[in-house]
Amino acid sequence: MAKRRIKDLLARRGMVVLTAVPGILVFLMLMGLLGRSKSILTLHSFGELLFDSSWHPLRGEFGLAPFLMGTFWVTLAAMILAVPISLLSAIYLSEYAPRRIREIVKPAVDLLAGLPSVVFGVWGVLMIVPLVAKIAPLFGKYSSGYSVLAGAIVLAIMVFPTIIHVSLEVFGSVPHALREASLSLGATKWETVKHVVLRKGLAGMLASVALGFSRAFGETMAVLMVVGNIPEIPKSVFDSAYPLPALLANNYGEMMSIPLYDGALMLSALVLLLIVLIFNVVARIILIKAERKAE
Amino acid sequence: MGYRRRKAEETFFKVLMIGSTLIIAGSLLLIMGTIVVKGFPALNLAMITQTPKGGYYLGKEGGILNAIVGSLELAGGATLLALLLSLPIVLYINVYARRKSRLAVFTRFSLDVLWGIPSIVYGAFGFILMMMIGLRTSLLAGIITVALLELPIMARAMDEVVRLVPSSLRDASASLGATRLETAFHVVVRQCLPGIITAVLIAFGRGIGDAASVLLTAGYSDRIPGALTQPAATLPLAIFFQLGTPYPEVQARAYASAAILTFLILAISLLSRWFSRKFQKNTIK
């Protein structure tokens, strides 16, 4: 008996320690990246590095602005494409779709979420890049195809599952009684959706969009393969861009050979982490609050 | 507003909704279709049975066995490590901690936040860890990094099923005199086994497909890694590097490699679906 109790006690201690890991890990990541980017932060201020747009590592100039703007534009364009499509589809799957269709589409969305980003990248190179090169002249522009638009299209498809998953859960938590009350007052199904489901789920929908945004913001390989990687702030969607995650992925090899380069790259990872953390924490808090309200 | 106009508005949005759903399903089909059409012609036995020979990246003979084995070893090791971390965490917050305890809420929150952190940041963090313990780019460094990346995915997927075990079942076990540890492993784990396997498979699929995190930590090598301290090639990076060469023959091999990776992911996903269906059948409600 005593042996079993001791085993239980030891397991309990060990498990508590492990349970602390996820919380500590976030903190460790922040500290580790901050520690590694100190070398450059002692020479330049944080704001200076973020808003300076000249990137010449050999001359010691490490302005991250072109990369931040590159990420920002690609992500924004992706969200403009992805948000309406995913939300409309989520409403359809939650409120309208017959069971049979739901049972086909949901696994398809899961599969889309599970496809490796490099596969999206290969597909983008094969299909989207030539397509963009072809349609750019219609708008009076020249484009190699490796562009903000190509990155945005590929990214949009990659964030469909994130937005759909979260918003399906949000719509699912709206009580059925509310829908029935609305229908019994003579509202059409769409009016019920519009005035009851969407209104009740508004905060959750915003959270799903924020999670999609942060997913797109940090995506590396797929975007890197189709956006062209030219470190200038893009002027149109047909221009190339150089996103922040791609900066790190492309240059980690030589970062130890140029002074301060490693600091600058680790700083770029830190900036990425901070932005994604803010979006994630806010979205998760909204979702937890919405869940509590629903209970 | 007249009834007819109200109905017209509904029809209008319904068309948009169905259209959106078709776009999403269609893009999946388009991606899979493109990979199959472009990848299959370049696929041959040498691709999956040989390592790259001299001049492989210029279009000479060889295959990507190094990357296939490297990926399986790396994702396998990482998944095992992630399982050793996730299972105790999930059991603790569901069996030991009180319902709605602060620690459980905070842990779930942290896992969700970790889930949202991009893989390139895991790569950078893994790189820092690697430097701290004096490791070079290697299979081991890759395994540690990918295990951290898989942790939130696996733990949350497991949590979803372990949470559903009715408390009456745990109470019954406790009333028979079992300790919590015995309840955890003999009742909860057994009850959730198919669900736990599903979670493991999902994490494995994520691990095998991730490129950004291994880029900084596992390195790349034309040889099959023989030890944990040697660099390891991975499938996603093999695809990336082959596509980056200017030779059409090598690029065609990148498409074939992408087809292999997609096929692997598809198989893993079907397997996990099969297990999760099995789980639904076994659940006591």
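## Helix packing between chains

Helix H2 of chain A (residues 21-41) packs against helix H5 of chain B (residues 119-132) at an angle of about 70°, their axes lying 10 Å apart. Axes are lines fitted to C-alpha atoms, for helices over the stretch in contact, with angles running from 0 to 180 degrees between N-to-C directions. H2(A) is therefore roughly perpendicular to H5(B) (65 to 115 degrees). Their crossing is left-handed, meaning that the near helix is turned anticlockwise from the far one by less than a right angle.

On H2(A) the contact is made by A:Met29, A:Gly32, A:Leu33 and A:Arg36, and on H5(B) by B:Val121, B:Ala124, B:Phe125 and B:Ile128; contact requires C-beta atoms, placed from the backbone, within 7 Å. These residues divide into six nonpolar, one polar and one charged. Ala, Val, Leu, Ile, Met, Phe, Trp, Tyr, Cys and Pro count as nonpolar, Asp, Glu, Lys and Arg as charged, and the others, Gly among them, as polar.

## Model and numbering

This is a predicted model, in which local features need pLDDT of at least 70 and side-chain atom pairs pLDDT 80 or more, while totals for chains, interfaces and linings use all residues. Residues are numbered from 1 along each chain as its sequence is written, and chains are lettered from A in the order in which they are written.

## Chain interface

In chain B, 70 residues are in contact with 70 residues of chain A. Helix H1 of chain B (residues 3-39) supplies the largest share of the chain B side, 20 residues. That side has 47 nonpolar, 13 polar and 10 charged residues.

Note on methods
Helix = DSSP H or I, 4+ residues; strand = E, 2+ residues; numbered from the N terminus. Parallel < 35°, antiparallel > 145°, perpendicular 65-115°, else oblique. Contact = placed C-beta atoms within 7 Å.
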